Amino acid sequence: MEDVRKNNESLSKEANKIGERLQGALTQGRENGREAWKKIQARGKEALEDTQKLIQKHPVKAVGLAVFIGAVFGALVSFRRNKA
């Protein structure tokens, strides 16, 4: 009976150690995720600012590109409707 009690205590200690390691890994993962999200937001903001500067510098090209993309998208949508 004493052996069973010692074995249970040993297993309980191991389970606690594993739980602590898991908790640490989850905390670290959460922190890494937050840092990654901050970096993504910063890059997105930079890309938006760069795009705005490019459009202000070349407005005619920006409008022409938008019209071209719209025409291609419209043609694709129209083509798919005609096939169905």
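Predicted model: local features only at pLDDT ≥ 70, side-chain atom pairs only at ≥ 80, totals over all residues.
Figure 1. The protein chain has 2 helices and 0 strands. Its radius of gyration is 29 Å, well over the 12 Å that the globule rule gives for 84 residues, so the chain is more spread out than a compact globule. The C-alpha trace spans about 85 × 40 × 5 Å along its principal axes. Helix α1 covers residues 2-57. Helix α2 covers residues 59-83.

Figure 2. Of the 84 residues, 0% count as buried. The accessible surface comes to about 8100 Å². Carbon and sulfur atoms account for 61% of that surface. The chain carries 17 positive and 10 negative side chains. The centres of these two sets lie 14 Å apart.

Figure 3. Side chains of opposite charge can pair when their charged atoms come close. A search of the whole structure finds 2 salt bridges. One of them joins the side chains of E14 and K17, with an N to O distance of 4.0 Å. The two residues are 3 residues apart in helix α1, so about one helical turn separates them. E14 is partly exposed, with a relative accessible area of 37%. K17 is also partly exposed, at 45% relative accessibility.

Figure 4. What is the distance between the closest N and O atoms of R34 and E31? These atoms are 3.7 Å apart, and the two residues form a salt bridge. R34 and E31 sit 3 residues apart in helix α1, so they are separated by about one helical turn. R34 counts as partly exposed, at 47% relative accessibility. E31 is partly exposed too, with a relative accessible area of 38%.

Figure 5. Q41 has its place in helix α1. At 43% relative accessibility, Q41 counts as partly exposed. Q41 and N8 are 33 residues apart in sequence. Their C-alpha atoms are 49 Å apart in space. A42 is in helix α1 as well. A42 is partly exposed, with a relative accessible area of 35%. A42 and V77 are 35 residues apart in sequence, and 34 Å separates them in space, C-alpha to C-alpha.

**Figure 6. A75 in helix α2.** A75 is found in helix α2. How far apart are the C-alpha atoms of A75 and A47? They are separated by 28 Å. Along the chain, A75 and A47 are 28 residues apart.

**Figure 7. A nonpolar surface patch.** Which residues make the nonpolar surface patch? The patch is made by L65, F68, I69, V72 and L76. Its area is about 490 Å². One of its members, I69, lies in helix α2.

Methods:
Residues numbered from 1 in each chain as written. Heavy atoms only, no water. Patch = residues over 30% accessible without salt bridge, like charges linked within 9 Å, V, L, I, M, F, W, Y side chains within 5 Å. Areas by Shrake-Rupley, 256 points an atom, 1.4 Å probe, with all protein chains shown as cover. Helix = DSSP H or I, 4+ residues; strand = E, 2+ residues; numbered from the N terminus. Rg over C-alpha atoms; globule rule 2.2 N^0.38 Å. Buried < 20%, exposed > 50% of the residue type's maximum accessible area, 1.4 Å probe, protein only. Lys, Arg positive; Asp, Glu negative; His and termini not counted. Charge placed at Lys NZ, Arg CZ, Asp CG, Glu CD.
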